[in-house]
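Dear colleague,

Please find below the structure that I am handing over to you.

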Amino acid sequence: CRVINAYGPTEVTVCASCAPYTAGPVCSIGRPIANTQVYVLDERLEPVPIGVAGELYIGGMGLARGYLNRAGLTAQRFIANPFSNEGARLYRSGDQVRWRRDGNVEFVGRRDAQVKLRGYRIELGEIESALLEQGAIKQAVVIAREDVPGEKRLVGYVVPHADAHAVQTRELRDALARKLPEYMVPAAIVVLEALPLSAHGKVDRKALPAPDLSAHSETSYTPPRTALEQSLCEIWEQVLRIDRVGIHDNFFGLGGDSIQCIRVVSRAREAGIKLNVRQIFTNQTVAELAPLAERLESLADKLEQNGQD
């Protein structure tokens, strides 16, 4: 049985590209069919290099004229073709794709699935693709959750293959950290037996469960040994809204981000502990941070004494 994977929105008469199906973590949407052109462009409508994600634009004989009685939407989605001198147009698909070296196009995700987090624009499909590259993972979905108002976090949901060994979420996060920048690594990864589906068979993102971030500190909890470590653990618990933080728990592994770093620094200073955001980024556990805070406090005392002398 030969399986053909066809891609195309209704605006280009349903089909724009196709390719024979090949097994793998990501399925190609192939090459354009006859009398159809596809372009992978950046925000300036310039072609992007091979392997770089961009928005897919489609042109050709199958392109619709626009939306009936929707002039504004037509102007937004059907644009002049910058590569044609004959008045041709392109359709903005809203899909994020990239060229493969073999000339096929690989689907990455929806442009409207982009989120802005900590000042960065993040393509959730990029993270999902990275998760699917892990051999044990069959399905992956990443969303930005805001379970606490004003605190948006990336959360990944994975479904392992039936024959896969127990999936360790910490190992998944470590694998993502080696491939993606820090701001794209989910604060938590939840393992599910199956993804919740809507009546139309699509992933019901609203039904995805909230992660239990406190579970990250349950596996190897080490209690504070000094009053300073106790104070820092309590500050982390307050800022991250976690019941218990051990001295070896990673701040970012517990869901911390740059905004919460600022809150930690503020509360620490109120408690007489002198720290800055950069120090938390370079010393991500209480066990690493406490000795630094002690040295800074000792240095400040010496400087104060020298000033008095």
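How many bridges join strand β11 to β12, and do the two run parallel or antiparallel? In this predicted model, strand β11 (residues 137-148) and β12 are joined by nine bridges, and they run antiparallel. One place to look is Arg145, which stands opposite Arg153 in β12.

Strand β12 covers residues 151-160 and is mostly covered, as eight of its ten residues are buried.

Within β13, Ala188 is the bridge partner of Val155. Helix α3 (residues 169-179) belongs to this part of the chain as well, for β12, α3 and β13 make a right-handed β-α-β unit.

The cysteines deserve a separate paragraph. A disulfide is a covalent bond between the sulfur atoms of two cysteines. A search of the whole structure finds zero disulfides. Cys15, for example, is in no disulfide, and the nearest cysteine sulfur, in Cys18, is 5.4 Å away. The cut-off for a disulfide is a pair of sulfur atoms within 2.5 Å. Cys15 is partly exposed, with a relative accessible area of 24%.

Cys261 is buried, and its relative accessible area is 0%.

Yours sincerely,
A colleague

Note on methods. Residues are numbered from 1 along each chain as its sequence is written. This is a predicted model: local features need pLDDT of at least 70, side-chain atom pairs count only at pLDDT 80 or more; totals for chains, interfaces and linings use all residues. Side-chain values use heavy atoms; hydrogens and water are left out. Buried means under 20% relative accessible area, exposed over 50%, partly exposed in between (1.4 Å probe, protein chains only). Helices (H or I, at least four residues) and strands (E, at least two) are DSSP runs, numbered from the N terminus. Two strands pair if DSSP finds at least two bridges between them. A crossover is right-handed if, with the strands pointing away from the viewer, the path from the first strand over the helix to the second runs clockwise.
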